[in-house]
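My notes follow the display.

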Amino acid sequence: MKLLARTALPLTALVLAATACAPGTSDTSGSGTDDKSGTLRVWLFQEVDNGPKKKVVDTALDAFRTAHSGTDVKVEYIPVETRAEKIKAAFNDPKSAPDVIEYGNTDTAGYVKDGGLADITKEFGDWPAAEDTDPTARESVTVGGKVYGAPFFVGVRALYYRTDVLDDLGLDVPGTQAELAATARKIHAKRPELYGLAVGGAYTYGAMPFLWAHGGALAEKKGASYASALDSPAARKGIKAYTDLFGDTNCPAAKCAAMGGNDTVTAFASGKAAMAIGGDFNHQAVESGKVKGKYAVVPLPGVKAGEIAPAFAGGNNLGVLKSTGHRTLAVDLVERLAGKDVQRGLFEGMGFLPTFTDVREEVARSEPFVEPFVKTLDAGTEFVPASPAWATIDSSLVLPTMFQEIVSGRKSVDAASADAAKKMDDAFGAAG
């Protein structure tokens, strides 16, 4: 998956691009009971600074206990880095499993295939707040037309740029991707100590907007599965637009090919880059860096003037385990934890963007830095294929390998994208 928030705010690690392998499972038939009292167990992700998150969650739990006499809730904050094995063990041993878990939104399909998550389509449909859920966030909990959780928060990326550098050089803020590339090269030519635009060969989620902006796609639906679209003409245009940003005129391949998202944000925050593609979750990291007070953020431009490049909608969800013996209570708890009051609190305490469109509008009015990210979300976002194969594709570094082969000169765009497409198709085929 790509967990959004484990960084800078705590999120800098983000984009924690945490890719979780979908766990195998043996007994996920469900407990067959629905107790209306007792203790519910919840696993949430541990943040770098977990205090603000715990405070918001504890308030919601107190309200839950008050509403349900005879119930209690025990929350365990689990490390993100070791969650895959822990969740795998829970799927394999329902008796020791929690009732509710937090999980990365790209893990949904894998967890559903393994029978770990309960289908809560009816309850989600009856939940009044669901009407205000962002469409892409809703997509991240949907597999085969059924809903397997509630969106918890969302995160997207936009263009950070140095206001002082552009002003000193008399340059305008780029309005198209062609202008972005030209501006980056002009900056590096006049200020060679700076990357014009910091890019990374291992920055999958920073590269995807270029592919999508040119009309490309990662994959297309093919029956009950998917087929890679990386080798389509439109996708190749986007891949070329991104990989052309590497080189001595902007971000040398020798230094930038191995860089990931955190590396590019760090380069910007430390004053080594004039521009970078970063998330709302990277705001605090940039604020804590050398460029504080000398930067601004705008949506990443598209191919044409006035267009916003589609961004990957990352984030986390909350789900009920199929094995729970407290289904009704567990669903109610998920709706409370994923509700509007909690999402407001998590934004205020952690900076996590709400998944509800109306709440996002509220926080954008209260915090100006949110505006370009909300505009990006409102312009339309994209998501990864809703297939359990994505965990394999992501963890196998299929896309980073493709980008690195191109920027190193080992393969052409056509050859590298064809090889990556084959690897994706193999993964889709194996997943069924």
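I looked just after helix α14 and found Gly351 with a positive phi of about 90°. Helices here are DSSP runs of H or I of at least four residues, strands are E runs of at least two, and both are numbered from the N terminus. The model is predicted, so I note that local features need pLDDT of at least 70, side-chain atom pairs count only at 80 or more, and totals for chains, interfaces and linings use all residues. Residues are numbered from 1 along each chain, and side-chain values use heavy atoms, without hydrogens and water.

Next I checked α14 itself, residues 340–350. Its buried residues (under 20% relative accessible area, 1.4 Å probe, protein chains only) are Lys340, Val342, Gln343, Gly345, Leu346, Phe347 and Met350. Their cover includes α1, β6, α13 and α15.

Then I turned to the largest nonpolar core, which has 138 residues. Such a core joins buried Ala, Val, Leu, Ile, Met, Phe, Trp, Tyr and Cys through side-chain atoms within 4.5 Å. Leu230 and Leu399 touch the most other members. Helix α19 (residues 413–431) gives the largest share, 8 residues.

I listed contacts of Leu230 (heavy atoms within 4.5 Å). Among them are Leu399, Met402, Ser417 and Met424.

Last, I compared α18 (residues 398–407) with α19: the angle is about 165° and the axes lie 9 Å apart. Axes are lines fitted to C-alpha atoms over the stretch in contact, and angles run from 0 to 180 degrees between N-to-C directions. That makes the two helices roughly antiparallel, a term for angles over 145 degrees.

Methods
Buried means under 20% relative accessible area, exposed over 50%, partly exposed in between (1.4 Å probe, protein chains only). Angles under 35 degrees count as roughly parallel, over 145 as roughly antiparallel, 65 to 115 as roughly perpendicular and the rest as oblique. Lists of a residue's contacts leave out its neighbours within four places in sequence.
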